[in-house]
Protein chains: 2
Amino acid sequence: MQIHPMWELYPEVKNELRETIALIDKEVFIRNKEIEAAILDMLHSGGKLLRPAYTLLFSTFGKDHSPERARSVAAAIELLHTATLIHDDIIDDASSRRKKQSIQSKYGKDVAVYAGDYLFTVVFRILSKQANTVEDISINTKGMERILMGELNQMHLRYKKDMSIRDYLTQISGKTAQLFALACYSGAIEGGNSKAFARNCYYIGSHIGMAFQIIDDVLDYTQSSENFGKPVLEDVRQGIYTAPLIFSLRKENREIKALLEMGSQITQKDAQKIQRFVHESGGMSEAKSMAEKYTRKALKRISKLPDTKEKQIIKEITEKLLMREM
Amino acid sequence: MQIHPMWELYPEVKNELRETIALIDKEVFIRNKEIEAAILDMLHSGGKLLRPAYTLLFSTFGKDHSPERARSVAAAIELLHTATLIHDDIIDDASSRRKKQSIQSKYGKDVAVYAGDYLFTVVFRILSKQANTVEDISINTKGMERILMGELNQMHLRYKKDMSIRDYLTQISGKTAQLFALACYSGAIEGGNSKAFARNCYYIGSHIGMAFQIIDDVLDYTQSSENFGKPVLEDVRQGIYTAPLIFSLRKENREIKALLEMGSQITQKDAQKIQRFVHESGGMSEAKSMAEKYTRKALKRISKLPDTKEKQIIKEITEKLLMREM
């Protein structure tokens, strides 16, 4: 399969990612070949594979590092991510995912529910196969739990119209940051590092995840006006506000508030007005500087990692990722 | 909480079940108290708790039996069962479950998806806490996987109009029998029994599960005609046929087949006609004797267990359960 071009510069990582996907292909087995193909399609869709890449990279620091075991943990992280995406699509009634038709829209919610559940069990199978100790499994279980509990706890934010920045941060922390944190942490643990070292990696992952999500949300507002609105328009229609808009709304603007009240009635033209407002009111730059703050925090902690080739790669990809188009 | 009256005769089991539920209460923690209460309500609804009871009973045979660990495994089995029920209700769009409003109908599909996912992680947390070895976890993971894979593989049977007895058996094997089998098997493993012994327990559980489901489906057809139809009517409307009807349909009957073709148009009166047909054509008695066959198989294997007090309890409850109203 095609590994994302961002890894061309790092052939070792690229190779390990390829092996990780090969491992996943071997572990996912469903008698219904159509559903199996749909799941594997998602896993082969050429995404950046950031989460497993961080797991692989952070695993290299320990003295007990085993590439084989690291690939298992990385595979589990990517499968966990995929399972939550499949279930998220049910909830959002999303028709597409990674530029392909989503499993829920192609095969129905029933297949999507069980396909996600099945992947969760594959995650545990892989984790219990590679684990040396019960504690290894326990650590990953707790991380997974935190992610899913995050979803449950923050569900009420999903349609909260007057979301504050604090609500927003809580939400993306549960949604995105925890998974990045788990990716880095479980990589470090796999390598046999101390808990304290792994905790530092956890924070690195968490900061990366926060910055990553804020930037994603900012980029949604930088699309040209024809393209603009696809994701944002849908979000604002459902009352889901992300950082740029939340910051903007701190400035009183009755016209925009009235527009937002219209919910599903919001038109493409209204969305353009909202976009202009977000840019002009300074919401974009405030969101950007919030992302920068998390990026700096991540890079500061990364700088203290032992000086290895992999540290350099972590630094470079994190910079690239978190500085994209800003 | 109230433990089902069927356990009055067996105070030790009753007590262990109470402890198991107390353990679950301690392990399920969600910040959103409304959702937490909804999940705990399901777990306190006064069901028979058969699956955890079998786990507890089968755990007593081994030389390494620990009541504490057995309760953990029993709790995991009940939580796994509950998680699959919550997800099943999404798929069936079920409005009630265990005489209460289902989570999906009360809180929406989003809460139901994540609540089930969360319970899966609690299952793994409990399993990894109690496990002595990675293999212990691995065994349970494989069992869970088989159950969820069963759901995925048999999904296409859900709306298959010309379901054969073979299709039906495949379906209930994945749905009900695997979970009973896992309950007995993981109890036996917890007790430190040999794999061969545990395998025997697995088959006992599987036979019990098969008989249990067939009897449930038979009982649906024995309701008085006013009550009749609630579950069956919904099933036949959706084209889901269970053993009594499938056996009946081996006899040619154009009127009934035409009725069934009407799908969601089937009326209460039609359902009564179908019920009468099922009774008169011998479908009921054929289904009953199929259940009896599985019951006999289970009891034969049970009779070979070591002669203990718990063996006697297993024998008695299995007989009661599988002979109910037949």
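Author: The centres of domain 1 and domain 2 of chain A, taken over C-alpha atoms, are 22 Å apart. Domain 1 of chain A covers 1–130, and domain 2 covers 159–326. These bounds come from an automatic or database domain assignment.

A word on the ground rules. This is a predicted model, where local features need pLDDT of at least 70, side-chain atom pairs count only at pLDDT 80 or more, and totals for chains, interfaces and linings use all residues. Residues are numbered from 1 along each chain as its sequence is written, chains are lettered from A and ligands numbered from 1 in the order in which they are written, and side-chain values use heavy atoms, with hydrogens and water left out.

Now the contact itself. On the side of domain 1 of chain A, 27 residues touch 30 residues of domain 2 of chain A. Contact here means heavy atoms within 4.5 Å. The area buried between domain 1 and domain 2 of chain A is about 2,600 Å². Carbon and sulfur atoms give 70% of that area. Three residues supply 32% of what domain 1 of chain A buries against domain 2: A:Tyr54, A:Phe58 and A:Phe61.

Next, the polar side. The rule finds twelve residue pairs in polar contact across the interface of domain 1 and domain 2 of chain A, both residues at pLDDT 80 or more. A polar contact is a pair of N or O atoms within 3.5 Å; within protein, one must be able to donate a hydrogen and the other to accept it, and residues adjacent in sequence count only if both atoms are side-chain atoms.

Which elements of domain 1 take part? In chain A, α1 (11–27), α3 (50–59) and α4 (67–92) each give two or more residues to the side that touches domain 2. Helix α3(A) gives the most, with seven residues. Helices (H or I, at least four residues) are DSSP runs, numbered from the N terminus. By class, this side of domain 1 of chain A has 14 nonpolar, seven polar and six charged residues. Ala, Val, Leu, Ile, Met, Phe, Trp, Tyr, Cys and Pro count as nonpolar, Asp, Glu, Lys and Arg as charged, and the others, Gly among them, as polar.

Charged pairs come next. Side chains of opposite charge can pair when their charged atoms come close. A salt bridge is a side-chain nitrogen of Lys or Arg within 4 Å of a carboxyl oxygen of Asp or Glu. Across the interface of domain 1 and domain 2 of chain A the rule finds two.

Look at A:Arg69. Its salt bridge partner is A:Glu190, with the closest N and O atoms 2.9 Å apart. A:Arg69 lies in helix α4 of chain A and A:Glu190 in helix α8 of chain A, so the pair ties together parts 121 residues apart in sequence. A:Arg69 counts as buried because its relative accessibility is 18%. A:Glu190 is buried too, at a relative accessible area of 7%. Buried means under 20% relative accessible area, exposed over 50%, partly exposed in between (1.4 Å probe, protein chains only).

End with A:Asp162. This residue lies in the loop between α7 (134–154) and α8 (165–190) of chain A. A:Asp162 counts as exposed, at 60% relative accessibility. A:Asp162 and A:Gln130 are 32 residues apart in sequence and 45 Å apart in space, C-alpha to C-alpha.

Notes: Buried area is the accessible area (1.4 Å probe) that two parts lose on being put together, summed over both.
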